[in-house]
Amino acid sequence: MTMTVSLNSKKDRFADQPNFSEKKDYRPADVKEKGLVFVGHEISDDRTAMNQFLHYDQLYTIRHGWNSKFFIGLLEGKIMGTRCPKCGDSWVPVRSHCWNLDCNLEKTEWVEMPLTAKVHTWTVAGWSGRSSLKRLPIILAYANIGTSKVAMANELHKMNPWDVEFGMPLKIVFKPRDQRVGAVTDFHFEPADFWKPSPMNPEKQRIKDLVMPVYEWVKTLK
Ligand SMILES: [Zn+2]
C-alpha cells in the first residue's frame, strides 16, 4: 500500500499580508537603532568596583495577530474581551478559544467590556526600576474586568495602599486619547466612585507602617 502526501503551495498555507493604512511614529527624536551600546562606566576611588551603563534601544515589532482588536480597543478607550457563544464565559486578557472542555475549543467572539472591575488580589511595590522610583509605593492590582473569568494586572491609583480590599469595586480610567499608544499602560484602575474604605484595623495598620517609610524616602529623591 502506498500513501501520497501532497503539500499545499506556500501561497495556500499563509494568509495574504494585511495592508496597514494607519501608521503613527511617536519615536523620540533621540532614539536610534544601535542595538546594545555601552554608553559609559564609573569606577570607585579605590578601583575595586566598576559599574557599566548600557543603552538597549533595539527596535522590536510586536505582531498582535488575532488579539489585535484588544490593542486597537485601547487606542479608542475601550476594553475589548472575548466570549464563548456556547457557554457564555468571557475573558480579559482575551482567549481565542473557549477553555471549557464541553465547548470543544469553540472559537470566541469579541465583546466590549464595561469600564468596571473587581479586585481579585493585589500587591504593594516598595521598590522598582529607576523610571518609577518617584511614584512609589505603587499598588499593583489583579482585577476581573466586567464579567471576565480571569484577572488582569494594572496599577491602582488614587487610594492609600493599606485601604485595598479583596473584591473592592474599581473603575477603569484611560489616559487622554492623544497619549494612548495601544498598550495596557493606556489605562489604570481607580476605586469606584461609590466605594468607601473600611475603618482602620490591625492588618491595615501593619501595611501602613510598612509603606510610610517609602513615602518618606521618595521625598528625598531629586
Ligand atoms: Zn464555552
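Residues are classed by relative accessible area as buried (under 20%), exposed (over 50%) or partly exposed (in between), with a 1.4 Å probe and protein chains only. The views below show a predicted model, in which local features need pLDDT of at least 70 and side-chain atom pairs count only at pLDDT 80 or more, while totals for chains, interfaces and linings use all residues. Residues are numbered from 1 along each chain as its sequence is written, and side-chain values use heavy atoms, with hydrogens and water left out.

**View 1. Salt bridge between Lys-158 and Glu-190.** In this pair, the closest N and O atoms are 3.9 Å apart; a salt bridge is defined as a side-chain nitrogen of Lys or Arg within 4 Å of a carboxyl oxygen of Asp or Glu. The two residues come from distant parts of the chain, 32 residues apart: Lys-158 belongs to the loop between β8 and β9 (169-174), and Glu-190 to strand β10 (residues 187-191). Helices (H or I, at least four residues) and strands (E, at least two) are DSSP runs, numbered from the N terminus. Lys-158 is exposed because its relative accessible area is 67%, whereas Glu-190, at 8%, counts as buried. The backbone of Lys-158 also has a positive phi of about 60 degrees, although this residue is not a glycine.

**View 2. Salt bridge between Arg-135 and Glu-155.** The side chains of Arg-135 and Glu-155 meet at 2.8 Å, N to O, in a salt bridge. Arg-135 is partly exposed, since its relative accessible area is 42%. Glu-155 has 18% relative accessibility and therefore counts as buried.

View 3. Lys-219 and Glu-216 form a salt bridge in which the closest N and O atoms lie 3.1 Å apart. Both residues belong to helix α3 (residues 202-219) and are three residues apart, about one turn of the helix. Lys-219 is exposed because its relative accessible area is 63%, while Glu-216 counts as partly exposed at 43%. A search of the whole structure finds ten salt bridges, including the one shown here.

View 4. Leu-36, Phe-38, Leu-54, Tyr-56 and Tyr-60 make a nonpolar surface patch of about 610 Å². Patches consist of residues with over 30% relative accessible area and no salt bridge, joined within 9 Å for like charges and within 5 Å for nonpolar side chains (Val, Leu, Ile, Met, Phe, Trp, Tyr). Accessible areas come from the Shrake-Rupley method with a 1.4 Å probe, and for residues only the protein chains shown count as cover. Strands β1 (36-43) and β2 (50-56) each supply at least two residues of the patch. Leu-54 lies in strand β2 and counts as partly exposed because its relative accessibility is 48%.

View 5. Two strands pair if DSSP finds at least two bridges between them; here, five bridges join β3 (residues 79-83) to β5. Ile-79 has Met-113 of β5 as its bridge partner.

**View 6. Backbone geometry in two loops.** Most residues other than glycine have a negative phi, and most peptide bonds are trans. In the loop between β4 and β5, which holds Pro-93, a cis peptide bond joins Val-92 and Pro-93, with omega at about -5 degrees. Asn-104 lies in the loop between β4 and β5 as well, and its phi is positive, near 55 degrees. Asn-104 counts as exposed because its relative accessibility is 62%. A cis peptide bond also runs from Leu-136 to Pro-137, with omega near -5 degrees; Pro-137 is placed in the loop between β6 and β7.
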